[in-house]
Each structure stands twice: as C-alpha cells, then as structure tokens.
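Have a look at the model first, then read on.

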Amino acid sequence: MESRTDQAEWSDNDLQQDVSEAQWVEDNLDGVATTTVGSLVPTVFDAYVRILYPVRASTPNPTPAKPVAPWRDQLTAVLEVLTRTTTTPNDCWFAVWEGNTALDDVRDTAPTADIAGYNYFLLRGPVSRAADTLEGLSPNLWWPADHAWCMAQHFDFPRAYLGGSTETVAGILALTEIESRPVRVDQVVTTDNYHLNRPTH
C-alpha cells in the first residue's frame, strides 16, 4: 500500500473511540495458517475479486496485461460501484494499521481494534472517504455499516481484495480502468503463490 501526501486527510478527531464494529470482520475471517483471500476479507460473501496495484520495481509479479492506473485513479471507478451496492453509502468504517511510524503521534489519542493479529485505528465516514489518508496512509480495510462488502488493502501485498455480492464483483470486473480478476475465498494470496491467484474455469 502506498503512503501518499497529496490526498485529503482524516483528522485525529475522526478517530473512533468505540472500535467494537471491527469484531464483525475478525469473527468472519478464515483463521487458517496460510494467507488466503478469506484470511483478509470476511468469508461471508458470494463473490471475491482481486485488484492489482500499480507495479513497483521491487514487486516480483508478472507484468499485467495492460498498464495499471495509479491507485487513486482506480478508486474513483471502484467507489462508484461500491457506493451503489450498499444501503449505507454515507456510513462506512475504515481501518488503518497502527504499525507505521507515521502514526506515532496519534497512538495515545484512540484505541485500536485487533483484526487477525494486527491492531488498527478505526475511522468512520461516507464511502467516498476511502481516498482520504491518516497521516498520509490509506486505509487497509474498509466496509459499509450494512456489511454489503469489504475491501482489504493489506500492507504486505501489492493487490487489493474485495468480497461482496455477485452484482458488486461483476461491477468491479466490468471496469476498464483497473486490472482485476475473480478469485476464490480459499486462494493463497502471498507473492510466492501468485500463480494460485488465477481463476479456475
């Protein structure tokens, strides 16, 4: 995940003091030792999709079939789909991993939620704020209050994973601005297992 300074910023006042909402994510993750799609995104959804980040020099992935747009440009298109496939577009939760040193100054201002062994600060606002950052850091997990879908932008992987309804995933796959593939909830997502992220037909 990229650290960015050219985006709108959340303020410390946006940090949530009640982080119990994150328990929904924690309770529905696959707890297997292997890192699968379901260990990043709740396993309750009908369909899942992988979205490729812009290629970085240090990323040992095959070259994508087409140039990958900057993540913020991809978000513009993705958010249009996600906004129309939730009943609560104005009420979304955003989780930012607390382990980055950029957050050293905010550690004492709010509690963190434990999700899959990592601690996250929680923020709350409309779906459109997914492009905003906290101290230059984008959210790692975000989901609407009605739990219609969930996006995971894990800091260890150059891909985002989304779980949602068949309609939501079909909408993402139809976007021409992004490089995306359908995935299974049990697929391995580590870089070493990139070949397993290809859909089976």
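1. E135 sits in the loop between β4 (118–125) and β5 (141–144); strands here are DSSP E runs of at least two residues, numbered from the N terminus. E135 is partly exposed, at a relative accessible area of 40% (buried is under 20%, exposed over 50%, partly exposed in between, with a 1.4 Å probe and protein chains only).

2. Before going further: this is a predicted model, so local features need pLDDT of at least 70 and side-chain atom pairs pLDDT 80 or more, while totals for chains, interfaces and linings use all residues. Residues are numbered from 1 along each chain as its sequence is written, and side-chain values use heavy atoms, leaving out hydrogens and water.

3. The whole structure has six salt bridges (a Lys or Arg side-chain nitrogen within 4 Å of an Asp or Glu carboxyl oxygen). D132 pairs with R129 at 2.6 Å, N to O, and D14, R129 and D132 form a salt-bridge network. D132 is buried, at 10% relative accessibility.

4. D104 and R107 form another bridge, at 2.7 Å, N to O. Here D104 is partly exposed at 43%, and R107 is partly exposed at 28%.

5. How many disulfides turn up? Zero, across the whole structure, where a disulfide would need two cysteine sulfurs within 2.5 Å. For C92, the nearest cysteine sulfur is that of C150, 8.8 Å away. C92 is buried, with 0% relative accessible area.

Terms used:
Helix = DSSP H or I, 4+ residues; strand = E, 2+ residues; numbered from the N terminus.
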